[in-house]
Amino acid sequence: MGHPLLRTVAREVSRDEIPTAAIQELVRDMIETMDAVNGAGLAAPQVGHSLRICALQVEKNERYPDLPSLPLRVWINPCLTVLSPSPRVQMYEGCLSVRGVRGRVERPAHLRVESLDRQGEPQVDEFSGFLAAVAQHECDHLDGVLFVDRADSTTLCFIDEYLAFVPADERLVLLD
Ligand code: ZN
């Protein structure tokens, strides 16, 4: 947090660029980084590239032991459509770019994401609940938005305090 790229609207990747070594290498690096830190997602601006690319993966994740898994997804130029204003998901989020901090964010809980995959083929994903929150968090990075902008500021806390004082049943709540 504080790096200007995290506050910049990232540019789209052209279809011609997708097969280039630069983009393919960036995607591989992003996946490696996400795995190394056990993150659920990573966006290119977080690793120094102002491009509309994110990677998501939720699988046997120590940080989210009870949550649905998501096989690796790479989204290039994702376009997110909220399918309904309700239900909503209220979740304590964290971010690799805002280390050590958690805060409660409320977001729409059902959405569709249209994007290109790492081969440049169109793909569509539909998510609800926790995965919808992760998807919005990652797509926010492409627009220079951090979760702390959307969090209820009175809930911002450090991880030790989060673990000590936020009851497990308040960490992820689905609202009708
Ligand atoms: Zn983040």
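Three residues hold the zinc ion: Cys 95 through SG, His 137 through NE2 and His 141 through NE2, at 2.0 to 2.3 Å. Donors here are N, O and S atoms within 2.8 Å of the metal (3.2 Å for Na, K and Ca); water is not among the atoms, so sites may look incomplete. The model is predicted: local features need pLDDT of at least 70, side-chain atom pairs count only at pLDDT 80 or more, and totals for chains, interfaces and linings use all residues. Residues are numbered from 1 along each chain as its sequence is written, and side-chain values use heavy atoms, with hydrogens and water left out.

In sequence, the zinc donors follow the spacing C-x41-H-x3-H. Cys 95 sits in strand β4 (residues 88-95) and His 141 in helix α2 (residues 130-142), so this pair ties together parts 46 residues apart in sequence. Helices (H or I, at least four residues) and strands (E, at least two) are DSSP runs, numbered from the N terminus. Buried means under 20% relative accessible area, exposed over 50%, and partly exposed in between (1.4 Å probe, protein chains only).

Now follow α2 itself. The helix has 13 residues and reaches 19 Å from its first C-alpha to its last, close to the 18 Å expected at 1.5 Å a residue. That expected span is 1.5 Å times one less than the number of residues. Of the 13 residues in α2, 13 are buried. After the helix comes Gly 144, with a positive phi near 75°.

Glu 138 also belongs to α2. Its relative accessibility is 4%, so Glu 138 counts as buried. Leaving aside neighbours within four places in sequence, Glu 138 contacts Gly 41, Leu 42, Ala 43, Gln 46, Cys 54 and Leu 56. Contact means heavy atoms within 4.5 Å.

Leu 56 leads on to the largest nonpolar core. Among its 21 residues, Leu 56, Val 58, Leu 70, Trp 75, Phe 127, Phe 130 and Leu 131 touch the most other members. Such a core is a set of buried Ala, Val, Leu, Ile, Met, Phe, Trp, Tyr and Cys residues joined through side-chain atoms within 4.5 Å. At least two residues come from each of β2 (53-58), β3 (70-82), β4, β6 (110-116) and α2. The largest share, eight residues, comes from α2.

Leu 70 touches Leu 56, Gln 57, Val 58, Phe 127 and Leu 131, not counting residues up to four places away in sequence. A second, separate core has 16 residues, including Val 13, Leu 26, Val 27 and Leu 116.
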